[in-house]
Amino acid sequence: MLFLLRRYRGHCPHGAKPDCTGSSSSECWRNVYMLDAILRSGKIPSRVLFLTICAAGIGGTFQLGYNLSILNAPILHIQEFTNETWWARTGWPLPDHLVLFVWSLIVSLYPLGGLFGALLAGPLAIRLGRKKSLLVNNTLVVAAAILFGFSRRAGSFEMIMLGRLLTGISAGVSMNIQPMYLGESAPKELRGAVAMTSAVFAALGIMMGHVVGLRELLGSPQAWPLLLASCLVPGVLQLTSLPLLPESPRYLLIDRGDTETCLVALQRLRGTADVVAELAELEEERAACQGLRARRPWELFQDGALRRQVMSLVVLGSAMQLCGNDSLYAYASSVFLEAGVPQEKVQYAIIGTGCCELLTAFVSCVIIERVGRRMLLMRGYCLMTCWGSVFTVALCLQSFLPWIPYLAMSCIFAFILSFGIGPAGVTGILATELFDQTARPAAYMVYGALMWTMLFLVGLGFPFILKKLSHFFYVPFLGVCVCGALYTGFFLPETKGKTFLEISKELHRLNFPRRSQGPTWRGPEIIRSTEL
């Protein structure tokens, strides 16, 4: 790495001359010298920090993606089990529309539990701490795995429904606490990259859920209870590894006031005993947060100075969930069958969707600072509209040409790629960049509640949309993509390369466009505590 830095000092990393003054070249030079400073200061990720990332991720957002995609394989098996169970109890079969309704509940209880978990995450993180909250959260996973594993022997599809609710609560808790834990444990030079690993683990979980669900593994009619109960494995891995790793240094010092334990945690996470400067920074943050409190969620909707921020969070957060992408994971088998893909090839096509999501999780981290948030969102929604339209036309023509089903399958892959590079990678950081320090915790609560609520509604209604609209089932989602692109183009400001202070000033000007002298703006209040 040092060799590359010495080589870069003689040539512009962007391919220009050494005296290049272009903006893109300046950005490249700034990144190179920042990396050089990190290397010289010893802020290279230590082994303990790397293990902390893996331990938090495997039982955190990995579980979120794994349990979201794991239902693809046993759709028909669970529906047959539901019908057989009802027949054994009453003596007559359950009507088809009620079987579909029970299946929709099994799918939708996962995001409903996520909503409850998102609301519980804040109090848990404050009272128990980041690491202990993740550990306690695994008790829900253990209980759910037991329910899944014995559901068929007990002849109870209600056990599956309760298990899905528990895994949803666990996912809602981990989705909020894991980025908080990792962001507070990483050095400031690497905080963004470390926090982005949450998205990588979620994509990895989605792909592994598809792989484990193969018929050759746990996707057979006899093994589906073990498939659902396999969520126990990541939970056990986290329970055995995370207790050996340190707690968040910021939580230890600011929330608990334990300076000695904070010093030990910092030394382990940095791999060096020289952490005096960083400890002094934490002490300054501790002094700055005294006497200040974060806003409540309902206060965001009452403040006119946050009107555009709240509207952007609600509109674009809803658009990300209502664009139809998440439906592909819960109902990927049905979608590929509707596209004309043979039954024996569906499971391999589903694995391809997980690979696409994992690929875009890495790509979005690389290009977001070059292209910009606004452009990625707008282009992502436009491409999704394009590919979704081609997919709808292909469904209508699949009986006329033999190669049309494969065109439809390609459109699904392109749709997922467009979603991952654009909306999936950008929407999640809106709460960070559009809100100041006092409003940011409440904004994350609003965003989390909104995301899980929309996911619940989509999971509940998509089977009926698929049944009623047939080949045109994606038309409502295309309308959402168009609205998302239009709103981004006309109302969302670009935040690339701007400080939080500059973003706050621009948003204040946009919120009060007709006032020659608007309310006196004093800048965001600096608060780094985790009080809700």
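These are my notebook entries on one predicted protein model.

**Entry 1: ground rules**

I number residues from 1 along each chain as its sequence is written. The model is predicted, so I keep local features to pLDDT of at least 70 and side-chain atom pairs to pLDDT 80 or more, while totals for chains, interfaces and linings use all residues, and side-chain values use heavy atoms, with hydrogens and water left out.

**Entry 2: overall make-up**

I looked up the secondary structure and found 26 helices and 0 strands. Helices here are DSSP runs of H or I with at least four residues, strands are E runs of at least two, and both are numbered from the N terminus.

I then turned to burial: 51% of the 532 residues count as buried. Buried means under 20% relative accessible area, exposed means over 50%, and partly exposed lies in between (1.4 Å probe, protein chains only). The accessible surface comes to about 24,100 Å², and carbon and sulfur atoms hold 66% of that surface. These areas come from the Shrake-Rupley method with a 1.4 Å probe; for residues, only the protein chains shown count as cover.

For contacts (heavy atoms within 4.5 Å), I considered pairs at least 6 apart in sequence; 80% of them join residues at least 24 apart.

**Entry 3: confidence**

I checked pLDDT, the predictor's confidence in each residue, from 0 to 100. The average is 76, and 80% of the residues score at least 70. Helix 11 (residues 232-241) has the highest confidence, at 92, and helix 1 (residues 2-8) the lowest, at a mean of 36. Over residues 1-43 the pLDDT is below 50, and this stretch has 39 contacts in the model beyond near neighbours in sequence. Residues 516-532 also stay under 50, with 40 contacts beyond four places in sequence. Where pLDDT is low, the predicted coordinates should not be read in detail.

**Entry 4: helix 6 against helix 8**

At what angle do helix 6 and helix 8 pack? I read about 35° for helix 6 (residues 96-127) and helix 8 (residues 157-185), with the axes 6 Å apart. Axes are lines fitted to C-alpha atoms, for helices over the stretch in contact, and angles run from 0 to 180 degrees between N-to-C directions. The residues of this contact divide into 22 nonpolar, 7 polar and 1 charged. Nonpolar covers Ala, Val, Leu, Ile, Met, Phe, Trp, Tyr, Cys and Pro; charged covers Asp, Glu, Lys and Arg; the others, Gly among them, are polar.

**Entry 5: single residues**

Tyr 181 sits in helix 8 and counts as buried, because its relative accessibility is 0%.

Ala 202 touches Thr 61, Phe 62 and Gly 65, leaving aside residues up to four places away in sequence.

Arg 47, in helix 3 (residues 47-58), is exposed because its relative accessible area is 65%. From Arg 47 to Gly 271, 224 residues apart in sequence, the C-alpha separation is 7.5 Å.

Leu 395 belongs to helix 20 (residues 373-397) and is buried, as its relative accessibility is 1%.
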